[in-house]
Amino acid sequence: MAKPLPSTDTFRFAIPPQRRNQGGFAYAWVLMMVLVMGIYLAELGDVWKTRIQRAKEEQLLQVGDEIRRAIKAYSEQDAGQGGGQYPKTLDDLVQDPRVPFARRFLRKPYKDPVTGEDWSYIGAPGGGFMGVFSKSSEKPLKQWGFTAQYASFADKPSYQEWKFAHWPGGGSRTR
C-alpha cells in the first residue's frame, strides 16, 4: 500500500529558513548579468562599426588616388599631339576609346567605397571629368594625420570634400 503524500506545509518547513529568503537573489543576479551583457554587446557593435568605417576610408583614399593617377595619365597621354582630353566616364580609363588597341589606365571602374555607388564627377574644361569625390555626407573619422598629398583633407566635414582630381595646369594636387 502506498504512503500518502505529505502536505505542502511539511515541504515548506523542510527548507531551512536561511534558504527560503534567497529565492529572488538568483533571479536578480541573472537580470543583472543580462544587463551587463547587453551593454557589452552595444559597445562591441560601436567598435565594429568604427572598424568598418576606417577600412572604407582607407579604401577610399587608395581607390581615389588610383583614379586620380589614371586621369592624369589619360589626359597627358597624347597632350603633345593636340590631346589633353579628359575621360568622359570611368570606362574610358579602363579601355581608352581614342585608340583601336587595348590601352588601360585603370583596372576596373571602381565604385565609391563609402556608399557602394558611382562616384560624383568634377567637370573638366572641354568636357569629361578631371576628378571624383564621394557622394557620402557622413563625417570622416580621419581628421588629421594625412600624408602631404592629402593634407587638404584635414578637418573636412564630409567625404564629399575629399576630392581626387588632376587639375589642369596645377598638377595632381588634391583639394
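What follows is a set of questions and answers on a predicted model.

Biologist: How many helices and strands does the protein have?
Modeller: Along the sequence the elements follow the pattern α-α-α-α-β-β-β. The count is therefore four helices and three strands.

Biologist: What is the order of the strands in the open sheet?
Modeller: The sheet has three strands with antiparallel pairing. β1 (120–123) and β3 each pair on one side only, and are the edge strands. The twist from one strand to the next averages 30°. The order is β1-β2-β3.

Biologist: How many bridges join β1 to β2?
Modeller: These two strands form a hairpin with five residues between them. In the turn, Gly 126 has a positive phi of about 85°. β1 and β2 run antiparallel, and the number of bridges joining them is four.

Biologist: Which residue in β3 is the bridge partner of Val 132?
Modeller: β2 and β3 run antiparallel and are joined by three bridges. In one of the pairs between these strands, Gly 131 has Ala 165 as its partner in β3. In β3, the partner of Val 132 is Phe 164.

Biologist: Is β2 mostly covered or mostly open, and how many of its residues are buried?
Modeller: α3 lies across β2 and β3, running at about 25° to β3. β2 is mostly covered, and of its five residues the number buried is five.

Biologist: Which element supplies the largest share of the largest nonpolar core?
Modeller: This core has 30 residues, and Ile 67, Leu 93, Leu 106, Trp 119, Trp 162 and Phe 164 touch the most other members. At least two residues each come from α3 (25–77), α4 (90–94), β2 and β3. In soluble globular proteins, nonpolar side chains tend to be buried together. The largest share, seven residues, comes from α3.

Biologist: Which residues does Ile 67 contact, leaving aside its neighbours within four places in sequence?
Modeller: Ile 67 is one of the core residues that touch the most other members. Contact here means heavy atoms within 4.5 Å. The residues in contact with Ile 67 are Leu 90, Leu 93, Leu 106, Trp 119 and Val 132.

Biologist: Is Gln 143 buried or exposed?
Modeller: Gln 143 is in the loop between β2 (129–133) and β3 (163–165). Buried means under 20% relative accessible area. Gln 143 has 15% relative accessibility, so this residue counts as buried.

Biologist: Which residue's backbone oxygen does the side chain of Gln 143 reach?
Modeller: Neighbours within four places in sequence aside, Gln 143 is in contact with Ala 154, Asp 155 and Lys 156. A polar contact needs a pair of N or O atoms within 3.5 Å. The side chain of Gln 143 reaches a backbone oxygen at 3.4 Å, and that oxygen belongs to Lys 156.

Biologist: What percentage of the residues of the protein count as buried?
Modeller: The accessible surface of the protein comes to about 11800 Å², and 59% of this area belongs to carbon and sulfur atoms. The protein has 175 residues, and the share that counts as buried is 31%.

Biologist: Among contacts between residues at least 6 apart in sequence, what percentage join residues at least 24 apart?
Modeller: One contact of Ile 67, for example, is with Val 132. For the protein, among contacts between residues at least 6 apart, the share joining residues at least 24 apart is 48%.

Key
Residues numbered from 1 in each chain as written. Predicted model: local features only at pLDDT ≥ 70, side-chain atom pairs only at ≥ 80, totals over all residues. Heavy atoms only, no water. Buried < 20%, exposed > 50% of the residue type's maximum accessible area, 1.4 Å probe, protein only. Polar contact = N/O pair within 3.5 Å; in protein donor to acceptor, adjacent residues only side chain to side chain. Areas by Shrake-Rupley, 256 points an atom, 1.4 Å probe, with all protein chains shown as cover. Core = buried A, V, L, I, M, F, W, Y, C linked by side-chain atoms within 4.5 Å. Pairing = 2+ DSSP bridges. Axes fitted to C-alpha atoms, helices over the stretch in contact; angles between N-to-C directions.
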